[in-house]
Amino acid sequence: MTDQSQYNPVSCDIHSQLELFIMHKKKLHVEYIQNDDTMKQIVTPYDIVTRKDKGEYLLATDDSEQNLEIRLDALRHFQEL
């Protein structure tokens, strides 16, 4: 993702996988881009929302119960733990 303002929709397959992880309250190891840095975290996703910028975001909490919003087109990798 090079242009933060332009959202690039993710595939329906990725969206469906994330929704299943949310439904089953699965923890994930995620890698994503934030401010040109690659972030790696273990999170528990709880929703996917669409914001005013038309981007879709994964809402999750990390191990210290901090809330996170990860833009779906910034996700580089995710895996169930």
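**Figure 1. Salt bridge between Arg51 and Glu69 in the predicted model.** The two side chains meet at 2.7 Å, N to O. Arg51 sits in the loop between strand 2 (37-50) and strand 3, Glu69 sits in strand 4, and the pair links distant parts of the chain, 18 residues apart. Arg51 is partly exposed at a relative accessible area of 34%, and Glu69 is partly exposed at 46%.

**Figure 2. Salt bridge between Asp63 and Lys27.** The N to O distance is 3.3 Å. Asp63 belongs to the loop between strand 3 (56-62) and strand 4 (67-71), and Lys27 to the loop between helix 1 and strand 1, so the contact ties together parts 36 residues apart in sequence. Asp63 is exposed, with a relative accessible area of 52%, whereas Lys27 counts as partly exposed at 40%.

**Figure 3. Salt bridge between Glu80 and Lys26.** Here the side chains meet at 3.4 Å, N to O. Because Glu80 lies in strand 5 (residues 75-80) and Lys26 in the loop between helix 1 (12-23) and strand 1 (28-34), the pair ties together parts that are 54 residues apart in sequence. Both are partly exposed: Glu80 has a relative accessible area of 36% and Lys26 one of 32%.

Key: Residues numbered from 1 in each chain as written. Predicted model: local features only at pLDDT ≥ 70, side-chain atom pairs only at ≥ 80, totals over all residues. Heavy atoms only, no water. Salt bridge = Lys/Arg side-chain N within 4 Å of Asp/Glu carboxyl O. Helix = DSSP H or I, 4+ residues; strand = E, 2+ residues; numbered from the N terminus. Buried < 20%, exposed > 50% of the residue type's maximum accessible area, 1.4 Å probe, protein only.
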